[in-house]
Amino acid sequence: MRIIRFVQFFIFLSAMTVFAAAGRAQAQTATGANGDRRSEVEHVLRLQQEAWNRHDLEGFMAGYWNSPELTFFSGATETKGWQPTLERYGRAYQSEGHAMGTLSFSDLQIEPLGADSAFVRGKFQLQMPDGKQPHGVFTLIFRKFPEGWRIIHDHTCSN
């Protein structure tokens, strides 16, 4: 009887060891995938920042989902769609009497929401040619598409 209990106990311990190892491997895989998603999303934001600083508005907009379903909130104003968002940026930063300035992002917090979505919080600052420094905070929702990560929703508030 003791041998049977010993064998049962040994099988139980072996199974627990296997399950624990599998759980650690799965957690490491998830952590690695989250890290990859975070770095991929951050890369999109860095490309946007670089495009803005080259005064390449189309390049900046490449980080957004090119869809009529894109939503962009600035203060109390909602803009719906990629093209209207591009036009809004053009009016605000490229029309006569306006400048794009130099953009920087900081305090980025990127939280994967799943395999194909992420939530981002951060701060932005513009250094304008006239010395003004508009700044504020933003929240973004990213979705991964076959062509890569894109912003599907942007809510920006400036001070």
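These legends accompany several close-up views of one predicted model.

In this predicted model, local features need pLDDT of at least 70 and side-chain atom pairs count only at pLDDT 80 or more, while totals for chains, interfaces and linings use all residues. Residues are numbered from 1 along each chain as its sequence is written, and side-chain values use heavy atoms, with hydrogens and water left out.

**View 1. The protein chain and its helices and strands.** The secondary structure of the protein chain comes to three helices and six strands, where helices (H or I, at least four residues) and strands (E, at least two) are DSSP runs numbered from the N terminus. Followed along the sequence, these elements give the pattern α-α-β-β-α-β-β-β-β. Of the 159 residues in the protein chain, 32% are buried; here buried stands for under 20% relative accessible area, exposed for over 50% and partly exposed for values in between, with a 1.4 Å probe and protein chains only.

**View 2. The open sheet.** Six strands form an open sheet in the order β2-β1-β6-β5-β4-β3, with mixed pairing; two strands count as paired if DSSP finds at least two bridges between them. Because β2 (77-80) and β3 stand at the edges with a single partner strand each, one side of each is left without a neighbour in the sheet. Neighbouring strands of this sheet are turned by 20° against each other on average, direction ignored, where the axes are lines fitted to C-alpha atoms, for helices over the stretch in contact, and angles run from 0 to 180 degrees between N-to-C directions.

**View 3. Strand β1 and its two partners.** Strands of a sheet pair through backbone hydrogen bonds, either parallel or antiparallel. With β2, strand β1 pairs in the antiparallel sense over four bridges, and Phe72 has Thr79 in β2 as its bridge partner. These two strands, β1 and β2, form a hairpin with two residues between them, and Gly75 in the turn has a positive phi of about 60°. With β6, strand β1 runs parallel and is joined by four bridges, Ser74 having Thr156 in β6 as its bridge partner.

**View 4. Strand β6 beside β5.** Strands β5 and β6 run antiparallel and are joined by 10 bridges, and the hairpin that links β5 to β6 passes through two residues. Arg143 has Arg150 in β6 as its bridge partner. Eight of the 11 residues of β6 are buried, so this strand is largely enclosed by the rest of the structure.

**View 5. The largest pocket.** About 290 Å³ of space lies in the largest pocket. On a 1 Å grid over the protein atoms alone, a pocket is an open set of points with protein on both sides within 12 Å along at least five of seven lines, unlike a cavity, where a 1.4 Å probe fits but cannot get out, and lining residues have an atom within 4 Å of a point. Grid points are joined across faces, edges and corners, and the volume is the space filled by probe spheres set on the points. The lining has 20 residues, of which Phe72, Tyr89, Tyr93, Phe124 and Thr156 lie nearest the centre of the pocket. Strand β6 gives the most to this lining, with four residues. By class, the lining has 14 nonpolar, four polar and two charged residues; Ala, Val, Leu, Ile, Met, Phe, Trp, Tyr, Cys and Pro count as nonpolar, Asp, Glu, Lys and Arg as charged, and the others, Gly among them, as polar.

**View 6. The largest nonpolar core and Trp52.** Of the 28 residues in the largest nonpolar core, Trp52, Phe60, Tyr64, Tyr89, Val120 and Phe142 touch the most other members; such a core is a set of buried Ala, Val, Leu, Ile, Met, Phe, Trp, Tyr and Cys residues joined through side-chain atoms within 4.5 Å. Helix α1 supplies the largest share of this core, five residues. Trp52 has its place in helix α1 and is buried, with a relative accessible area of 3%. The C-alpha atoms of Trp52 and Met100 are separated by 7.3 Å, although these residues are 48 apart along the chain.

View 7. His55, in the loop between α1 and α2, has a positive phi of about 65° although it is not a glycine, and is partly exposed, with a relative accessible area of 45%. Asp107, in strand β3, is not a glycine but has a positive phi of about 50°; Asp107 is partly exposed, with a relative accessible area of 45%.
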